Amino acid sequence: MDLEALRRCSALHPKPAGLALQYGTAGFRSRAEQLDHIVFRMGLLAALRSKAVTATIGVMVTASHNPEEDNGVKLVDPLGEMLHPSWEEYATQLANAEEQELQKVITEICQKAEVNLHKDASVFIGRDTRPSSKKLSQSVIDGIQVLGGQYHDYGLVTTPQLHYMVCCQNTQGQYGKATLEGYYEKLSKAFMELIKQSHCSGENQKHLKIDCANGIGALKLSEMKPYFPQEMVIHIYNDGTKEKLNHLCGADFVKVHQKPPGGLDMKPNERCCSFDGDADRIVYYYKDTAGHFHLIDGDKIATLISIFLKELLAKVKQDFKMAVVQTAYANGNSTRYLQETLKVPVHCVKTGVKHLHHKAQEFDVGVYFEANGHGTVLFSKSAETKIRQLVKEEKDDEKREAAKMLENMIDLINQTVGDAVSDMLFIEAILALKGLTVQQWDALYTDLPNRLLKVQVADRRVIDTTDAERRALTPPGLQEKIDALVKKYKLSRAFVRPSGTEDVVRIYAEADTQENADALAHEVSLAVFHLAGGKGAPPQP
């Protein structure tokens, strides 16, 4: 390690006094002007991680659905998955080290993680369309180069595309070609193979309106358009030419406000969807003839995918274990429908993509979606091998055809991470193959009315939870109070959990009517305020 070069280069990316940030599920996120030293140091960390695991690591500069003034950075591990938890700690230590401690912290990481500094390092870099992203990714490159690492800068890509490239590179091309063309070709080929089997429905079934949140999704969808078959007509809105990123649009806006995005003109019964700012989340929606807005969120996406996969798995007659993984935020009626009607096992885990992904890896076919629209499907190595073998060798026509569909599904879904483009094609293929309209999809089950609230507290750590965050262990008496309140309403449940980033407690309640869900959420928020050290005035109904 050239200490003089490190000192010189680090001085060009000084750490603001008193700033401390923590690496979480989304990496680091903050105002863009506070991030220069962080991204430089994440360049250093990516080089160290690459040397430690002898593989290519990814660095993505994005703040997803945050406002345009923010930015962020996250690392991608060798198989396209999220950074290993032990290295999340190293990321936080390195980011918050004072200038004069930097070399010492790097040396400590090298000792703890057994990093050989003489090994080669290889890093892939991507960025979103924020005005600050280009300069920040140059700072990442500075960090990689100080430690003698090689890099490939993909420039403007969606977050899932970078995850995909890293996985392709480290599987020596088994997962696909580590280029944008490779990504477009693999997905479009699988999509076309699938819809060949569909009995083409009416003209309006072809059309899909897509709100791209004024982000990277618009650029990449436009690039991909020539690869799509004529059966798919996409109309791109909020393409970033006029308005600000994520402003009054995007998947997060639509989910939170339960209304259509600005900049998209919806006619009754038209199928529409929204990506988020870095295109790793998707939600669908439509307006009925009476003008009412209907949201189809991650829970309903997981349900549609599960129905389709379950039918195909039954046809191939293999003993594959399939399950759906949800968090406590999943609507109670989606869980009921999956378990009772579809007879698919459902597992509940803590909030955060890494928990869902980890649990889904335990099954031959693991479907996971957060209600916010982030999710994917994972196929175990053995299930994938068996399916590809059936395509080649199976004599029975029905079995072979079902296996062929599953094989195309495996190639169409981005198994590294939730991917709005890949998920959209997956959903469009299923709707076409099953001849379903967006209204029929929506009618599978009716969501229970629910309400999300938050209460400001002096210290969020006073709340500790268990049972995948569905029960509060502390403060004393809070869970008993929630249990008593829940008993007052039909089909009701409620839970509280501390925010991962700020001193607030998040409250979720659902019940048989919106009025009851609102009342329950309010009563639970008062209980939190009084028992968990609420700040300011008590919550008002």
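**Note on the predicted model**

1. Over residues 388-415 the chain is 79% helix and 0% strand, with the end C-alpha atoms 16 Å apart; helices (H or I, at least four residues) and strands (E, at least two) are DSSP runs, numbered from the N terminus. An unreviewed UniProt entry annotates residues 388-415 as "coiled-coil region"; such annotations may be inferred rather than shown by experiment.

2. This is a predicted model, in which local features need pLDDT of at least 70 and side-chain atom pairs count only at pLDDT 80 or more, while totals for chains, interfaces and linings use all residues. Residues are numbered from 1 along each chain as its sequence is written, and side-chain values use heavy atoms, with hydrogens and water left out.

3. An open sheet of mixed pairing is formed by four strands in the order E12-E11-E13-E14; two strands pair if DSSP finds at least two bridges between them. At the edges, strand E12 (346-349) and strand E14 (375-379) each pair on one side only.

4. Strand E11 (residues 322-327) pairs with strand E13 (residues 365-369) in the parallel sense, over four bridges. Within this pairing, Met322 has Val365 in E13 as its bridge partner.

5. Leaving aside residues up to four places away in sequence, Glu428 touches Phe191, Leu208, Met232, Arg271 and Tyr284, where contact means heavy atoms within 4.5 Å.
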